[in-house]
Amino acid sequence: MYLNFEAILGIVSLATLALSAAISPDSESESVTYLPTQPPSYPLAVRSPYLSTWMPSDQVQMLPYAEPQFWAGQNLTWSVMVRVDGQAYSLMSIPSPGDKIQPAVVRSAEYTATHSIFKLDAGPVSFTLDFFSPISPSNYLRQSLPFSYLTVSVSGADKNDIQIYSSIDGRWAGRQQNTVCSFHRQGSALAYALKVDNAVPYTEERDMAIWGESILSSYQSAQSKLSFSSGECRQIRSQFVNDGKLSGKDVPWTPGGVVAFAHDLGSVSGESSVLFAVGYVRKEAINYLGKAYTGYYRSEFPDTYKALEWFFDDYLAALLESKIVDTEMTGQATLAGGHKYADIVTLSARQAWGGIDLTIPNDSRDTNDVLAFVKELSSNGNLNTVDVIMSAFPIYYVMEPEYIRLLLEPMMRYLAAGRWTQPYVIHDMGTHYPNALGHDDQKAEPMPIEECGNLMVLVLAYVRATGNSAWADKYIRLLGGYADYLVENGVDIANQLSSNDAAGPLANETNLAIKAAVGLGAFGELSGLSEYSRIGKERASLFFTQGLGTDEAKSHFVLQYPDKPSSWKTPYNLFPDVLFDLKTFPKEAYQMGNTFFKKVRGEYGVALDNRQDWAKSDWNMWLAGTFDDMTTRSEFIDDLWGFMSNGKHNWPFSDRYVATSAKGREPGHPVLCRARPTVGGHFALVALQGPRSLQTAVSRKSKGASIVEEKPSDEVREDL
């Protein structure tokens, strides 16, 4: 649906202010109010592995000077300035403002599932920066668009003369050298694109793509006069500071340059807003077995700038949906685990979806061949790692379970073709994103029990959530072979890695034995072959009832059997058994940890196992979901919330962190992992409320939401 943009701009400020209405700190105070809490880092534009821009929270107090970062830690310029009655103010990312630019005063910072909102005072008026990355997984067009919004709103104006400016620099292109700049106009959408000249397709530098185009855009409307320019940073800023507008000239591009847009709103009374967009576009997005796949949105908009124009036209509909997503996610999470749990999952949402590209073939743009690809951020960049999909699946389960199929399908085709000849499931579909080339050399990281068990659970999750067994039936013989591998190898387990490969390989790891038993139960239900379910229960009896995998007192599962009675590991692999009510293990097996984990709890929770001082946040939320004791469950939530909000770190939400000082390190600090999509596992407690719980609620309320028609109402006209 194409919406009238004049009507949109007339109500943008009202919608943005409604999102931040709870923020009203004392105007005399210079302390920053953080809602709902202070996270490690704020997601600004998080839409794909290559459009993932964050603001470290320890920089928020000095936001006018602070530079945002790519998820991997590289600084980027994303400047926002305003002029109020001829005086220039920096709102964000002006590290060296000079004498003519005053820093605005930061009043508040807020995040929701889809928005990060900062409120600042600049002279006599207030400004709100609303960074909005839609989460709309059931709407493939909206979800696949590689753009994110920035709305800059002014409030409290009293006939003040207002201009608003934003710019980005060449670092967004991934490499400042050999970068070229181009200007584009599509209808009322104006855009600058920065790209590395003659870049090799599918190549990265420090995890940033260098073969696509980075985009800054804005929209020409009757509400303001839009100007633009590109060139040397200080010259472009001086144009705005001195004149309140840009020259429209583009000088030859050099490293250190910026592209910029400026809106002149004229005399403003009350509220007004302008809208910008940033993006990163790759027409050849994924190399899947030698064939180029592109973003799903190109089925409707093969041209980047027509897609961008539609992105602006879609703003109001996306905004209305985002308010529903924010409300429903917070409500369901609060019901599942309280307000601290809601804080955790709402911060996790953009990060979980922002690791995924939704694609179709580049040549045919066939929407019957949709595939999704996820990057293993922060570790080795593997593509469609099965245990990463496994960890994240609770968010797919509650928001759009089709993504389980879309993420597994590239691998299932590859396995069905016989190109992977090992008797167990492959670990990933490519050594490094975005090259989904498989492993014809048979040298993928070996996690035999881990990935075989994961595949059974994931396919069952898809069938349970969708009611569609046709896809599973298509691959049932292939699945059966991997189930047989679990039967044959799930007791005397050879020395091997689990998902937590940083912990090293083990033989006879109890948690892997649990995964094998639950995986057999899952395959038994999928196939209708009760023999597999029976074997799964026999294995559960062996490890729990007969005590092979527990200490003598049956107070906990041990790390390794049979001779490690004092060892332990978090048995998070029990969670799918609980979620799907497979009854592979008796209820007593889930509950025996209620008391034990209180004994080994550190300052920030329970470590992965007795060898480590670090915890995995996703697995701990899985484990929390196995407890009936709400006190124990709440302790796990409190510990993760404490880590998330302790102010000791500024990375995008790390799923691995030092939980205890028992081994000499200071607890509460992250370890290695940034921005990983595995935080989708934090939705485990929401998943217990049933499949599609969020998807159903959002869909139902979206259908009842009001949509602004093509012609604005008289009331909106008066606002304009």
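# Notebook: domains, cores and local geometry

I began with residues 338-685 of this predicted model: the end C-alpha atoms of the span lie 11 Å apart, and its make-up is 45% helix and 5% strand. I took the limits from UniProt, where an unreviewed entry places the feature "domain: Glutaminase A central" at residues 338-685.

**Domains.** I next looked up the division of the chain, which gives domain 1 (33-321) and domain 2 (370-703). I noted a distance of 37 Å between the two centres, taken over C-alpha atoms. At the contact between them, I found 34 residues of domain 1 touching 36 residues of domain 2.

**Nonpolar cores.** Which residues have the most contacts inside the largest nonpolar core? I recorded F127, L129, F393, Y396 and F585, in a core of 206 residues. Helix α9 (residues 448-466) supplies the largest share of this core, with 12 residues. I also checked the core against the domain bounds: domain 1 (33-321) and domain 2 (370-703) each contribute at least three residues. A second, separate core has 24 residues, including Y219, F311, Y315 and A318. As background, I note that nonpolar side chains tend to be buried together in soluble globular proteins.

I then listed the surroundings of F127. Leaving aside residues up to four places away in sequence, F127 touches V82, V84, L91, F118, K119, L120, A122, V152, S153, V154, I162 and I164.

I located F557 in the loop between α13 (530-545) and α14 (575-579).

For C233, the nearest cysteine sulfur belongs to C181 and is 14 Å away; a disulfide requires sulfur atoms within 2.5 Å, so C233 is in none. C233 counts as buried at 13% relative accessibility. C452 likewise counts as buried, at 0%.

**A three-strand sheet.** I traced an open sheet of 3 strands in the order β2-β3-β4, with antiparallel pairing. Its edge strands, β2 (41-48) and β4 (69-70), each pair on one side only. Between strand β3 (residues 51-56) and β4, I counted 2 bridges in the antiparallel sense. I noted F70 in β4 as the bridge partner of T53.

- I found a cis peptide bond between L35 and P36, with omega about -5°; P36 lies in the loop between β1 (33-35) and β2.
- I found a cis peptide bond between Y433 and P434, with omega about 5°; P434 is in the loop between α8 (402-416) and β23 (435-436).
- D85, a residue other than glycine, has a positive phi near 55°. I placed D85 in the loop between β5 (78-84) and β6 (87-92), and it counts as partly exposed at 46% relative accessibility.
- R365 is not a glycine, yet its phi is positive at about 50°. I placed R365 in the loop between β21 (356-361) and β22 (371-374), and it is partly exposed, with a relative accessible area of 30%.

Note on methods:
Residues numbered from 1 in each chain as written. Predicted model: local features only at pLDDT ≥ 70, side-chain atom pairs only at ≥ 80, totals over all residues. Heavy atoms only, no water. UniProt positions renumbered as here; feature names shortened; annotations may be inferred. Helix = DSSP H or I, 4+ residues; strand = E, 2+ residues; numbered from the N terminus. Buried < 20%, exposed > 50% of the residue type's maximum accessible area, 1.4 Å probe, protein only. Core = buried A, V, L, I, M, F, W, Y, C linked by side-chain atoms within 4.5 Å. Domains from an automatic or database assignment. Contact = heavy atoms within 4.5 Å. Pairing = 2+ DSSP bridges.
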